Amino acid sequence: MSANLERVRAAWVKAPDWVEALADACDHSSQGKVAARLGISGAAVNQVLANCYKGRVDRVAARVRGEFMQQTVVCPVLGELSTRRCLDYQRRPFASTNMLRDLLHRACPKCKNREGA
C-alpha cells in the first residue's frame, strides 16, 4: 500500500472515494504538483489527506472528482466539461471584452451546476 493511502486510512474512519483518488494521485506525482493541477495550495492537499482541512471540503472534492475521477457536468454555454473546469470558469472575473466570459457571466449565476446551488 502507498504511503499517502496508508496516511489517509489512518486519518479517516471511512475515507470518501475522492480522498483515496487524491492520495493515489499524490503517490504517482507529488502533493505540490497535484495541488497545482487542482488550483489549490499544497497545504490544502496535505490537510485533506490528514483529515484536518478547515476549508470547504466540498470544493476540494468537486475539483478532485473533475480532475482525477473524470466527473463531468453539462454547461449551458460550453457543453460537457470537467467539474474542475466548471469551478474555474465560475471564479473568473467578468470581462466585457471577452465574449465567452460575458456568456458565462450571464449563465453561471442561474446554472444548476453553480457552486453552492
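Residues are numbered from 1 along each chain as its sequence is written, and side-chain values use heavy atoms, with hydrogens and water left out. In this predicted model, local features need pLDDT of at least 70 and side-chain atom pairs count only at pLDDT 80 or more, while totals for chains, interfaces and linings use all residues.

Q: Which pattern does the protein chain follow along the sequence?
A: The chain holds seven helices and two strands. Both are DSSP runs, numbered from the N terminus: helices are H or I with at least four residues, strands are E with at least two. Read in sequence order, the pattern is α-α-α-α-α-β-β-α-α.

Q: Which residue in β2 is the bridge partner of Val73?
A: Strands β1 (residues 72–75) and β2 (residues 79–82) pair in the antiparallel sense over four bridges. Pairing requires that DSSP finds at least two bridges between the strands. A hairpin joins β1 to β2 through three residues. In β2, the partner of Val73 is Leu81.

Q: How much space lies in the largest pocket?
A: A pocket is an open set of points on a 1 Å grid over the protein atoms alone, where a 1.4 Å probe fits, with protein on both sides within 12 Å along at least five of seven lines. Points are joined across faces, edges and corners, and the volume is the space filled by probe spheres set on them. For the largest pocket, that is about 170 Å³.

Q: Which lining residues are closest to the centre of the largest pocket?
A: Lining residues have an atom within 4 Å of a point. Of the twelve lining residues, the closest to the centre are Ala62, Leu87, Asn113, Arg114 and Glu115.

Q: Is Cys108 buried or exposed?
A: Cys108 lies in the segment after α7 (99–107). Buried means under 20% relative accessible area, exposed over 50%, partly exposed in between (1.4 Å probe, protein chains only). Because its relative accessibility is 17%, Cys108 counts as buried.

Q: Which residues is Cys108 in contact with, leaving aside its neighbours within four places in sequence?
A: Contact means heavy atoms within 4.5 Å. The C-alpha atoms of Cys108 and Pro76 are separated by 8.6 Å, with the two residues 32 apart along the chain. Beyond those sequence neighbours, the contacts of Cys108 are Gln90 and Arg114.
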